[in-house]
Amino acid sequence: MNKLIVYMFLVLLISLPFSGCISEKTTLPATVPSTNDESSNITDMRGIQVKVPKNVTRAAVISDGFVECTMISLGVQDTIVAVGTTITTNNTCVIPSVKGENITYENGQNIMLYLDPSLNDTVRLTPRQYNVISYETLASSNPDVIILRVGDCSVGWDNRDTMNKTIDTMEALGIPVIVLYSPTYYSNSDLSSIREEMRIIGQIFGKEKDALELADYVQSTEKMISDRTKDTPEASKPTVLYFGLSPNARKAGGSGHSWGIDTPESYTIEGIVHAKNAYRDTGTAKILNTEQVLAMDPDIILLATSWGYHPVRELYEAPYYQSLNELSAIKNKKVYSMPWTPSNCARRLEYPIDLMITAKACYPEKFQDIKVHEWVLDFYKQVYNVDDETARGLRSAQWLDWMEEEDF
């Protein structure tokens, strides 16, 4: 009788007229209860206590790499039975050039897949597009727990009603749901919530101490950069445009996307590196036209993942960006490409790499003792406990070899 009530509720809930994060399917299979009677109460980032088996052996992870990579670092990735991101292997980026040849980058890869290729065979909960979850697939994967990170591509944060209905539908399956909030979830956010995310992930798997040690290491880069730059006089701070050369933005008549002063991207620039965000409006992934970019004339341009990887040469050589050639950053060769992070809707475990590139680009004299192409290898080895060869492979998978080529 209880199961019948649950299924009737699910059918009613899924048929509600809202879009995004909801499957078209309405017939859900019964889940098999965990045979582990011991449980722990874990308070998630909603402030809700969730009863989770003490020995989690099957986890459904709805994230775009942050949760998965944290689990890899903690050595519990073998519990992942389903993922909510669209992950692809051996990505290729081809860009036209006014010099008459295509600019080609090959073998870009999601870090989680490079570290654990078996995840490529894991059940996908968003088989068609990022924000459409198959609840039938989720239920049939029979997880002990669902770890949901709100603010990534798989489940957005901008429509709170839709987000809450998504969570309600998952909870109605009778499976414990742990909700994490990425920095993108919050307005005017710093990055401190990442530590709490990592702590909760560690708590789920009985590795809270290890997770906090990992958080301390990851955040040590943030502190080091802030300490070196915090006394920079206002007049000496360079202006920085965080710029996504999105083809979707060009289709809409713009040059690319940028991120306003109320975003984690802006906090990185202003709150940690102590430079100035050139885009002074608010909002995430806002479309800028050519005139707006020229009027800003930023000192430095950082090319973010935005519907694809964007190397420096795209801004220098692509025919559709020749109208920006008069920008100071282009003339002075102050354009830098950020790591390739597929489905990059939020900060990931390797976000300190973004910080270090930004800091070195803004204040080369303050970081002259750090070669970022060498530093990043040490970062990979510390975070993922890998050898030098694997670290170099990770650097190549994120298309960061330009740093070694330019001795950056």
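Two strands pair if DSSP finds at least two bridges between them. Helices (H or I, at least four residues) and strands (E, at least two) are DSSP runs, numbered from the N terminus. The model is predicted: local features need pLDDT of at least 70, side-chain atom pairs count only at pLDDT 80 or more, and totals for chains, interfaces and linings use all residues. Residues are numbered from 1 along each chain as its sequence is written, and side-chain values use heavy atoms, with hydrogens and water left out.

**View 1. Strand S10 and its partners.** S10 covers residues 239-244. Of its 6 residues, 5 are buried (under 20% relative accessible area; exposed is over 50%, partly exposed in between; 1.4 Å probe, protein chains only). S10 runs parallel to S12 (residues 276-277), joined by 2 bridges. There, Val240 stands opposite Asn277. S10 also runs parallel to S14 (residues 300-303), with 4 bridges. Phe243 has Leu303 as its bridge partner in S14. Gly244 is paired with His257 of S11.

View 2. A cavity is a set of points, on a 1 Å grid over the protein atoms alone, where a 1.4 Å probe fits but cannot get out; lining residues have an atom within 4 Å of a point. The whole structure has 2 cavities of 30 Å³ or more.

**View 3. Arg46 and Glu171.** A salt bridge is a side-chain nitrogen of Lys or Arg within 4 Å of a carboxyl oxygen of Asp or Glu. Arg46 and Glu171 form one, with their closest N and O atoms 3.0 Å apart. Arg46 lies in the loop between S1 (39-43) and S2 (49-53) and Glu171 in H5 (residues 160-171), so the pair ties together parts 125 residues apart in sequence.

View 4. Glu317 and Arg313 meet in a salt bridge (2.9 Å, N to O). They are 4 residues apart in H11 (residues 312-317), about one helical turn. Glu317 is buried, at 7% relative accessible area. Arg313 is partly exposed, at 29%.

Methods. 1 Å grid on protein atoms, 1.4 Å probe; cavity = no way out; pocket = protein on both sides within 12 Å on 5 of 7 lines; lining within 4 Å. Points joined across faces, edges and corners; volume = space filled by probe spheres on them.
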